[in-house]
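Biologist: Could you take a close look at a single part for me, and then tell me how it sits in the rest of the model? Keep it chatty, but give me the cut-offs.

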2 protein chains.
Amino acid sequence: VTPSNASKLLARIGSGTKRIEVRTSPAGIEPYLHDEAVRSSDPAAAVLFPRSTEEVSRILKLASRFRVPVVPRGAGSGVAGSAVPGKGWIVLSLERMNRILAVDERDAVAVVEPGAITGEIRKAVEAKGLFYPPVPGSVDLCTIGGNVATNAGGLSAVKYGVTRPYVLGLEAVLAGGEVIQTGGRYLKHSTGYDLTQLIVGSEGTLAVITKIVLRLLPLPTERMTLLAPFPSLEDLTGAVLAILAERIVPPTLELVPRGAVRSVLARNPDISFPFPESEASLLIEVDGADLPSVERDVARLAPILERCGSPDPLVAFSPSQRERLWSLRKGIRDSIVACGPYVEADSVVPRSQLPELVRAGDACGARHGLETISYGHAGDGNLHTYFLKGTLLERSWKSASKKVLREYYERTVRLGGTISGEHGIGSLKRPYLPIALSGGEIQLMRGIKKAFDPYNLLNPGKLLP
Amino acid sequence: VTPSNASKLLARIGSGTKRIEVRTSPAGIEPYLHDEAVRSSDPAAAVLFPRSTEEVSRILKLASRFRVPVVPRGAGSGVAGSAVPGKGWIVLSLERMNRILAVDERDAVAVVEPGAITGEIRKAVEAKGLFYPPVPGSVDLCTIGGNVATNAGGLSAVKYGVTRPYVLGLEAVLAGGEVIQTGGRYLKHSTGYDLTQLIVGSEGTLAVITKIVLRLLPLPTERMTLLAPFPSLEDLTGAVLAILAERIVPPTLELVPRGAVRSVLARNPDISFPFPESEASLLIEVDGADLPSVERDVARLAPILERCGSPDPLVAFSPSQRERLWSLRKGIRDSIVACGPYVEADSVVPRSQLPELVRAGDACGARHGLETISYGHAGDGNLHTYFLKGTLLERSWKSASKKVLREYYERTVRLGGTISGEHGIGSLKRPYLPIALSGGEIQLMRGIKKAFDPYNLLNPGKLLP
């Protein structure tokens, strides 16, 4: 990319009757050069803030004409580098396209723009008795467009699944500026290849999403939270499998191992955690349309937990009690990030393999002299693993951090899993993709990319190795 | 295609140590020249019956080398022509690859071969307390491979969705013979473009599926069926929307209009139907993990139904009572097909638009002097509409049957829907695809097809116009 390409684009972008907001100053661009895990030292040419599909189309037409790479961006709360620009690129910030266009109670769908905050969508539909289930950890910051682009997961996927099944349709702008509509306000179809589902999880490499039709569910109004300590990871996983086998499907089954507890408590003296010494704790949330059914689920959980090694779980009834049981879990990531440099993995395995995966992480970290902290979604077999630099010298860290991830991902795949459960590949996991996918699969993905974006201008160098 | 291409393939297919079963006689081939709606008058070159992925790969390598078109085929119970061969093609019958390879209770997954009968998979997993929810109308005949290839829907999609969300992973053979594995025994991922979901619904045009990893749910052991008569379609649809708004999510909400009832009763004097004169009846099934919750749902349904115009629904408790309420619904398609020539539509719309869709079908039929019978899945907005030739002359029928479909599909799309809810496009709906999809979408699909199948040998001329 030569910077003059972007200049040509910028010279034309302001020439219409409606000006698109543009930032080109270093200070204006700086906040758009990073996400929560990756920071680029190369400046982008500009950040553009379109307000409509038409403006997105205009930008992409010019980008195609002048061959300028473009990265679409929501809130920048990702952790794989998917929304980080390269040198001379255009950042296409969708933060001005943040409207909730419709909440349709009759058909139980919402139509939203990509820059809408996921938590605000949840509130807007709840006001009408409806429910958008996915809750990424960053739900109050992240945008729905980013969720769709990464197929974001989160805290309620055991019962409700991740973002993917809630995306019924999209409006998207192709690399050349053409606008397409995929799917719609209907619940199923067998009408050609499912372009909607192909764009979900494509991390801005296939098209720029400008509108999303979301499927909504009836709102479960009742909710209870339990915290159950276990003497071992095996016992905890045994409880997860037993709960599901007994036909209780809680939205949330979160693994909080002792290492994560210690990390939070060391930095947050205000947070109290009832089971600081247990090997691992399971945070369980059950919900339902009425109190009796939720209470019945809780009553049925007790003997299962006892049988599996946790005879005295805590049960929270009130919102403030629930908040207390959740507070430690919600502080884990921040407390780890505060420890200094780290690398992060997001593996997913068959859920029965979770103890093996935790141990694989610990073993890989230990081999390279790295402290390892993990936590995650026990019900989905999705573990977030952090390998910390600690006191390692910078030079050793550079090499160790790469080796530890490679080894850990290789073990993930041997356990029947894959390398990203919910964060995406972006630039960070891109070198490791061939561990998870065969050459044949990667070649098919390249072919798909080419069919959508023949000049490789949409978020080039992301996702595909 | 010249027949000699297929001869070269056949000459080599038998030369290995393990012979693949081949049929080339007209009588042997004849059963493979049609599905439930389309019959080809052109003979295929041969039907091959591989028993393993390796054999499928061997066949596709040769097909690629000699440029022979191949159509993969399950039970042939489709109704869009997707599994019907052209002249000189190879039919790749997967009926010998019908094993249920694993039912894993710990991870709640099954691994099956594509030729396994869907109903048998359901039984095998139920024996272990697990549940594979999709129930296509042909569940006891159809194969899971065909279900995946068409993204089959069926009778339980309101609560459980269609085939798509249950497909966690695939083994598939590409056009050149290369074997790929997509997804796996894990519940979610954000690891590259979702090739699994792209192959779901691709009707044999992208790859030949040789293994399927299915997600299973806990088995709902209790079930009750209701039949509620309504004075109008609007009242019935109002009841559907009200039930869902009140947070009851029944697996089944089937629309049985009077026209369909009359058609069945005219041909089946043994079948009794309690509400033959009501404008439309709603067949409701609720299920759950325990009797109290199912009974509570039924108790909550009664006032909703009364409010919406159906004060006296019938409730079936026992299996034999349930069977009686279902018997008419299950006989509809056969009774219509027995009336002589017809064309069939499979539109899906936002579920609130169902009355409009039924009326659109009636209006389109009437314009061309055709009797119109429709029925379908009221909870999903998916309607099966049959336009009957009746006493029309053959020449008029040819033209009328095409025009009526075109007009009906155009109205479907204007109602916010699309042209196939669950049957697929195949050869039958292919000319109408541009009504539902834009040129841009079709071009993307062609690009995807090319990335998978550069020589256009896998089921060519199906799905894409």
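Modeller: Start with helix α4 of chain A, residues 118-126, where the buried residues are A:Thr118, A:Gly119, A:Ile121, A:Arg122 and A:Val125. Buried here means under 20% relative accessible area, with exposed over 50% and partly exposed in between (1.4 Å probe, protein chains only). Helices (H or I, at least four residues) and strands (E, at least two) are DSSP runs, numbered from the N terminus. Keep in mind that this is a predicted model, so local features need pLDDT of at least 70 and side-chain atom pairs count only at 80 or more, while totals for chains, interfaces and linings use all residues. Residues are numbered from 1 along each chain as its sequence is written, chains are lettered from A and ligands numbered from 1 in the order written, and side-chain values use heavy atoms, leaving out hydrogens and water.

Looking down the axis of α4(A), you'd see its buried residues within an arc of 160°, so they line one face of the helix; the arc is taken from the directions from the helix axis to the C-beta atoms.

Follow α5 onward and you reach A:Ser156, in the loop between α5 and α6 (157-160) of chain A. A:Ser156 is buried, at 6% relative accessible area. Beyond its neighbours within four places in sequence, A:Ser156 touches A:Pro133, A:Pro134, A:Val135, A:Gly161, A:Pro251 and A:Thr252.

Now step out to the other chain. The contact takes 76 residues from chain A and 76 from chain B. About 6100 Å² is buried between them, 60% of it from carbon and sulfur atoms; that is accessible area (1.4 Å probe) lost when two parts are put together, summed over both. In chain A, A:Lys188, A:Tyr193 and A:Arg247 lose the most area to chain B, together 16% of what that side buries. The rule finds eight salt bridges across the interface, each a side-chain nitrogen of Lys or Arg within 4 Å of a carboxyl oxygen of Asp or Glu. The side chains of A:Arg164 and B:Asp194 meet in a salt bridge, at 3.4 Å, N to O.

Conventions. Contact means heavy atoms within 4.5 Å.
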